[in-house]
Amino acid sequence: MRYIGSLDQGTTSTRFMIFNHDGEIIGRHQKEHRQILPQPGYVEHDALEIWQVTQEVIAIALQNANLTGLDLAAIGITNQRETTVVWDRMTGQPLHNAIVWQDTRTGQLLGRLTPEEKAKITYSTGLTIAPYFSGSKMQWLLENSPEVQTALENGSALMGTIDSWLVWNLTGGINGGIHVTDVTNASRTLLMDLETLDWNPELLSLFAIPREVLPSIKSSSEIYGLTAAEGPLEAGIPIAAILGDQQAAMVGQVCFDRGDSKTTYGTGNFALLNTGTQIVRSHYGLLTTVCFKLGDQPVHYALEGSVAVTGSAIQWLRDQLGIISHAAEIESLASSVADNGGVYFVPAFSGLFAPHWRSDARGAIVGLTRAATKAHLARAALEAVAYQTRDVIDAMAQETGVTLTRMRVDGGITANSLCMQLQSNILGIEIDRPSVNETTALGAAYAAGLAVKFWQDPTELKEQWKIAHKWHPDLTSPLRSEGYETWKKALSRTLDWA
Ligand code: ADP
């Protein structure tokens, strides 16, 4: 048994990767699943499709690497966070489509909370009150789905985030599947108390969620259970890690110590700063969240700046405007002009997340002149990725009094060298990308490997981190000063819109 398997269930696709002891990828397979958009503001996934895709990618990745499940010392799971699944423990069928983190249908439900209740929730969970998190999605399902209500009356309803759905299925489903989650996923529900690391009974009653439908909360790195023969793997393989995707990327970037940070550039952008065992409550629009808990070691917390739309703005240029046909084409299009020609693009499609938290914001393209071209818009889109990241990094500096001097990055957009150079110029700091860019999957593998002593301790893992590319800031770039000031003006035009 010489490898660790890592299941990375993301917003748009699911991947299974196999890592060797040096942390190198030796086998992988990935497949997309459908985005179900029933009406504006609604984003759903079919949980059964996700489970089927999961089984397929595991089987094909193993086959590609010429391995079987028995070659795996353990598997780890990382997942899109906040997305909420409800299913029937007797039939194994989902009772409703999963409600995805980007879904904003529960804004009105949250409007029912009093200011005192909101303050209580924020203090206990470290989160702001937003439809983004799972709590109001669970409440919506309980209030609006007759199927969920019937299953609840029969005592057969189970609810959780995607990790719980997958672990339940992998450990046997209707034949004894276990119902667990980890502290990082639970910290995104608006229901878990940051100090006790358990469901807060007062918050459960505010959202009217019966505790018995929820999973039990475990650490991020321990053996929760073994795979069952019904699934895509042989029976008996330890499932030994669960981490929300951003927290997994922290582990994959070996951000084990207080003060370590990374930014992941995917569908959205997520900057996290490890604050050690200290809970830092934000005054500048960041989230306080669990970073990881490795077995019975003390929990580590993080400050998080989440930006809703970065890579998905590039997808929008591709799918809705059709000015590029592949995401990667944006780099040559944006490089064909020397600057943005005065064009700013604020992709506040579903409101703004950190540090603004304005659900009333809607997107805008400003500064257009007759000379503006699609190349200027492409450049403005890449600058928007970088300016939005500057917004959250500045908030982090204000919060902690510590200014970053370099930043570790990962995710799909980091393949775009122009975007990373713009980021370096806009922040005025060095940007470092590691050799394994799949840090999310790597992090889940690391946490699983630590649980079964495939790796001994975090120090051993830190030695594996290797830099693949560095970007140095051009400190004479006007983007850091005038550009950023104009960006803020453009951003203010998007507020009070919805
Ligand atoms: P996720 O894990 O959130 O699905 P990924 O890390 O796979 O995201 O990154 C995918 C995102 O990155 C997509 O939104 C895509 O538009 C964007 N992307 C991929 N390649 C590039 C590129 N070369 N330049 C800019 N954006 C890119």
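This is a predicted model: local features need pLDDT of at least 70, side-chain atom pairs count only at pLDDT 80 or more; totals for chains, interfaces and linings use all residues.

Trainee: Are Trp-165 and Trp-168 buried or exposed?

Mentor: Trp-165 and Trp-168 are both buried. For Trp-165 the relative accessible area is 0%. The two form a stacked aromatic pair, 6.4 Å from centre to centre with 15° between the planes.

Trainee: How many aromatic pairs are there?

Mentor: The count comes to 20 aromatic pairs. In one of them, the rings of Trp-87 and Trp-165 have centres 5.2 Å apart and planes at 65°, so that pair is edge-to-face. The cut-off for edge-to-face is over 60 degrees.

Trainee: Which parts does the pair of Trp-87 and Trp-165 tie together?

Mentor: Trp-87 belongs to strand S6 (residues 84-88) and Trp-165 to helix H6 (residues 162-170), so the pair links parts that are 78 residues apart in sequence. Trp-87 counts as buried, at 0% relative accessibility.

Trainee: Which residues form an aromatic cluster?

Mentor: One cluster is formed by Trp-101, Tyr-132, Phe-133, Phe-270, Phe-353 and Trp-357.

Trainee: OK, ligand now. Which residues come nearest to it?

Mentor: There are 16 residues around the ligand, and Thr-12, Thr-267, Gly-311, Gly-412 and Asn-416 come nearest. By class, the shell has six nonpolar, nine polar and one charged residues. Its largest share, four residues, comes from helix H10 (residues 311-319).

Trainee: Switching topic. How many residues of helix H4 are buried?

Mentor: Helix H4 (residues 134-144) is mostly covered, with nine of its eleven residues buried. Among them are Gly-135, Lys-137, Met-138 and Trp-140.

Trainee: What do the buried residues of H4 pack against?

Mentor: They pack against S6, S7, H2, helix H5 (146-154), strand S8 (157-161) and H8. Thr-106 sits in the loop between strand S7 (98-99) and helix H2 (107-110), and it is buried, with a relative accessible area of 1%.

Trainee: I also marked Leu-191. Where is it found?

Mentor: Leu-191 is in the loop between helix H7 (183-186) and helix H8 (201-206). It counts as buried because its relative accessibility is 0%, and the cut-off for buried is under 20%.

Trainee: What does Leu-191 touch?

Mentor: Not counting residues up to four places away in sequence, its contacts include Thr-125, Gly-135, Met-138, Trp-199, Leu-203 and Phe-207. Leu-191 and Gly-135 are 56 residues apart in sequence, yet their C-alpha atoms are 6.4 Å apart in space.

Trainee: Last topic, backbone. What should I expect in general?

Mentor: Most residues other than glycine have a negative phi, and most peptide bonds are trans. Here, the peptide bond from Ala-354 to Pro-355 is cis, with omega near -5°. Pro-355 lies in the loop between strand S17 (344-346) and strand S18 (364-366).

Trainee: Which non-glycine residues have a positive phi?

Mentor: Glu-82 has a positive phi of about 70°, and Val-254 has one of about 50°. Glu-82 is in the loop between strand S5 (72-79) and S6, while Val-254 is in the loop between helix H9 (245-252) and strand S13 (261-265).

Trainee: Buried or exposed, those two?

Mentor: Glu-82 counts as buried at 1% relative accessibility, and Val-254 counts as buried at 4%.

Definitions and conventions. Residues are numbered from 1 along each chain as its sequence is written. Side-chain values use heavy atoms; hydrogens and water are left out. A residue is near a molecule or strand if one of its heavy atoms lies within 4 Å of it. Helices (H or I, at least four residues) and strands (E, at least two) are DSSP runs, numbered from the N terminus. Ala, Val, Leu, Ile, Met, Phe, Trp, Tyr, Cys and Pro count as nonpolar, Asp, Glu, Lys and Arg as charged, and the others, Gly among them, as polar. Buried means under 20% relative accessible area, exposed over 50%, partly exposed in between (1.4 Å probe, protein chains only). Contact means heavy atoms within 4.5 Å. Rings of Phe, Tyr and Trp (its six-membered ring) pair if their centres lie within 6.5 Å; planes under 30 degrees apart count as stacked, over 60 as edge-to-face and the rest as tilted.
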